[in-house]
Amino acid sequence: MIFSSLLFLFRFIPVFFLIYYLVPKRLKNVVLLIGSIIFYAWGEPKFLILIIISIVVNYVAGILIDHFKNKGSTLARLFFLLAIIYDLSTLFVFKYIDFFITNINSVFNADIKLMELTLPLGISFYTFQIMSYVIDLYKGRIKVCKSVIVLGTYLSMFPQLIAGPIVVYSDVAEKLEKREIKLADIDDGIKTFIIGLGSKVLIANNVGMLWDDIALIGYENIKAGCAWLGVLAFSLQIFFDFNGYSLMAIGLGKMLGFDFPKNFDYPYISKSLTEFWRRWHITLSSWFREYVYIPLGGNRKGSLRTYVNLFIVWFLTGFWHGAGWNFILWGMFFFVMLSVEKLYLKKLLDEHAIWAHIYSVIFIGLSWMIFAITDIRLLAVYFTKLLAFGWDIQALYLVRNYGVILIVGIVLCTPVFRSFYEKIKNKTAGVVILGVILVVSVAYLTDATYNPFLYFRF
């Protein structure tokens, strides 16, 4: 089940929230857990067992870690390691095993049969979330969760189960135990959800069709105009797709009584790639910083160690996104660029704001091509086409068809309307605008068949 579907909007939401608001406080976690299980099982019932096992394994491990942490660090460490090994091994088997088998077959001319396992929805996200609980518990940052219902609610909470934002246990621990649901939060949550729905359905889906049109033409058959249009289209699609989902998740969280962390902060207005990663997928960047970069030593152990740590973080960041060489290359691209900025480029960028913004937009866009095109040969072809200048009638045709939505997308990537919206969102004009966005989005969903979520496959 996905947020931008008529089933979710007009069946799941009304029934679930009616029950959720009517039951007493002591039963809200139970209702949320059951609702989340139904939400996930609707699309992938066979993988529900993985979530249930993850809840049980990490719950038991947490109890044992807490029990032994003052009676002998060896046993506490053992149960901590067993939980982490289970979490990572499950992710490895379902997401990465065929990648390694394929490469072993290629390098050693072997003939190991691929497992061909389907990637469970959201496994990358909920694995990181439950690991944050175990790690923080072992480090003594949080108290043990003594209720399997509470821990299960945390891990399976449907707003952020499939594609984030990544919510660490410490962010919601207090409200999992006790939370107040206020009308103002419900109102704000509904408005945030509608903005996210419009971002996904009206912008991401439409610019996504432009990217698909370019792929349909064939990368070998395009010129520079189409190639750069593709860079723009995919850059807009992935932002409005993922940010739209995150906004819907945050809005639903508010309606449930939670405050999920912000995941995006106008990343395309950045003046460096360093700044971009402070604004893009903020919860993932925070997770890697907190649970990988800092434990490795961060920047506290000299320059060489700092760059080694950055290399590890960006290799893992790329590999987390997908089991493919293009994702590793994408991570290495950012490692190199961020290292160059750290060495000397960032100082120059800070002195030349306009050029810094142009530089950032271009290189962010180029990075998305590495991300989007999984075939390395086709990726190389695409990059050559970025320089294939000449009369491009195909690009003119695509601009005529998609020009308006591209302009709207570019404008809405900036905070130009933010202060205006904040002023009117609680007034009649704001309610009318949100109503129009909702109606048009629903009308689109009624007829449209193109409705992908890019981050579902990660």
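User: At what angle do α9 and helix α19 (residues 428-447) pack?
Analyst: Two packed helices are described by the angle between their axes and the distance between the axes. Axes are lines fitted to C-alpha atoms, for helices over the stretch in contact, and angles between N-to-C directions run from 0 to 180 degrees. The axes of α9 and α19 lie 9 Å apart, and the angle is about 45 degrees.

User: Is α9 parallel or oblique to α19?
Analyst: Angles under 35 degrees count as roughly parallel, over 145 as roughly antiparallel, 65 to 115 as roughly perpendicular, and the rest as oblique. The angle of α9 with α19 is about 45 degrees. Therefore, α9 to α19 is oblique.

User: What kind of model is this, and how are residues numbered?
Analyst: This is a predicted model: local features need pLDDT of at least 70, side-chain atom pairs count only at pLDDT 80 or more, and totals for chains, interfaces and linings use all residues. Side-chain values use heavy atoms, leaving out hydrogens and water, and along each chain, as its sequence is written, residues are numbered from 1.

User: How many nonpolar residues are in the contact of α9 with α19?
Analyst: Contact means heavy atoms within 4.5 Å. Residues of α9, including I194, V201 and M209, meet residues of α19, among them L434, I437 and Y444. Ala, Val, Leu, Ile, Met, Phe, Trp, Tyr, Cys and Pro count as nonpolar, Asp, Glu, Lys and Arg as charged, and the others, Gly among them, as polar. The contact has one charged residue, four polar ones, and among nonpolar residues the number is twelve.

User: How is α9 (residues 183-217) oriented to helix α17 (residues 393-412), parallel or antiparallel?
Analyst: Their axes are 10 Å apart, and the packing angle is about 150 degrees. So α9 relative to α17 is roughly antiparallel.

User: How many charged residues are in the contact of α9 with α17?
Analyst: On the α9 side, L202, N206 and D213 are among the residues in the contact; the α17 side includes Y402, I405 and L412. There are 13 nonpolar residues and three polar ones, and the charged count is one.

User: How many helices does the protein have?
Analyst: Helices (H or I, at least four residues) and strands (E, at least two) are DSSP runs, numbered from the N terminus. The protein has zero strands, and its helices number 19.

User: What is the radius of gyration of the protein?
Analyst: This radius is taken over C-alpha atoms, and the globule rule is 2.2 Å times the number of residues to the power 0.38. For 458 residues, a compact globule would be near 23 Å. The protein agrees, with a value of 23 Å.

User: Is S367 buried or exposed?
Analyst: S367 is found in helix α15 (residues 353-372). Beyond residues up to four places away in sequence, S367 touches W330, F333 and F334. Buried means under 20% relative accessible area, exposed over 50%, and partly exposed in between (1.4 Å probe, protein chains only). The relative accessibility of S367 is 0%, so S367 counts as buried.

User: Is N109 buried or exposed?
Analyst: N109 sits in the loop between α4 (73-108) and α5 (123-139). Its phi is near 55 degrees, a positive value in a residue other than glycine. Because its relative accessibility is 72%, N109 counts as exposed.
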